Amino acid sequence: MTQQEMKKIAAKAALAFVTPDTIVGVGSGSTVNCFIDELASMKDKIKGSMIFYFEANHDNANEVTELDVYIDGADEITPQGAMIKGGGAALTREKIVSALAKKFVCIVDGSKQVNVLGSTFPLPVEVIPMARSYVARELVKLGGSPEYREGVVTDNG
């Protein structure tokens, strides 16, 4: 089975968590794109969706007090369920949206499974520019080895 086929299966399975007459929070990423395609089959059954990587929905996010479900993907996941999220530079916004949700559903395919986090994808930490050096020193104190990702601009600039 190809990775794309696995993503489609995971995306279709996530539909079971979508309740009719609700607004669905939707994250970003290639597996989530498959979910958005699947969600179209329920468009007449739900009130709507908030796809938070669309700039147009950022202002609308202040109007949302709660979501029944937020569906997003992950960069890596261990057998114990620990995961790295937000490596695509949407880390902070994804965490805010997931906090609005009663239920967070993470959809991943088999290619995302690892035994140890950080083995294929670095742990992302979003930092405002003025705090970059301070945060790097703090991460070193924790045993980390921070690397600045040149050219990466997060959703928050």
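Residues count as buried under 20% relative accessible area, as exposed over 50%, and as partly exposed in between (1.4 Å probe, protein chains only). The legends below describe a predicted model, in which local features need pLDDT of at least 70, side-chain atom pairs count only at pLDDT 80 or more, and totals for chains, interfaces and linings use all residues. Residues are numbered from 1 along each chain as its sequence is written, and side-chain values use heavy atoms, with hydrogens and water left out.

View 1. Helices (H or I, at least four residues) and strands (E, at least two) are DSSP runs, numbered from the N terminus.

**View 2. The crossing of helices H1 (residues 3-14) and H2 (residues 30-39).** Two packed helices are described by the angle between their axes and the distance between the axes. The axes of H1 and H2 come within 8 Å and cross at roughly 55°, where axes are lines fitted to C-alpha atoms, for helices over the stretch in contact, and angles run from 0 to 180 degrees between N-to-C directions. The two helices are therefore oblique to each other (angles under 35 degrees count as roughly parallel, over 145 as roughly antiparallel, 65 to 115 as roughly perpendicular and the rest as oblique). In H1, Gln 4, Lys 7, Lys 8, Ala 10, Ala 11, Lys 12 and Ala 14 meet Ser 30, Thr 31, Cys 34, Phe 35 and Glu 38 of H2, contact meaning heavy atoms within 4.5 Å. By class, this contact has 5 nonpolar, 3 polar and 4 charged residues (Ala, Val, Leu, Ile, Met, Phe, Trp, Tyr, Cys and Pro count as nonpolar, Asp, Glu, Lys and Arg as charged, and the others, Gly among them, as polar).

**View 3. The buried face of helix H2.** Thr 31, Val 32, Cys 34, Phe 35 and Leu 39 are the buried residues of H2. Seen down the axis, they fall within an arc of 150°, so they line one face of the helix. Their packing partners are H1, strand S1 (23-26), strand S2 (48-51), strand S3 (67-73) and strand S6 (101-107).

**View 4. Ile 84 in strand S5 (residues 83-84).** Ile 84 is buried, with a relative accessible area of 1%. Leaving aside neighbours within four places in sequence, Ile 84 is in contact with Ala 74, Asp 75, Glu 76, Leu 117, Gly 118, Phe 121, Pro 122, Leu 123 and Pro 124. The C-alpha atoms of Ile 84 and Met 50 are separated by 22 Å.

**View 5. Asp 21 in the loop between H1 and S1.** Asp 21 counts as exposed, at 55% relative accessibility. Its phi is near 65°, a positive value in a residue other than glycine. Most residues other than glycine have a negative phi.

Note on methods:
Arc of directions from axis to C-beta.
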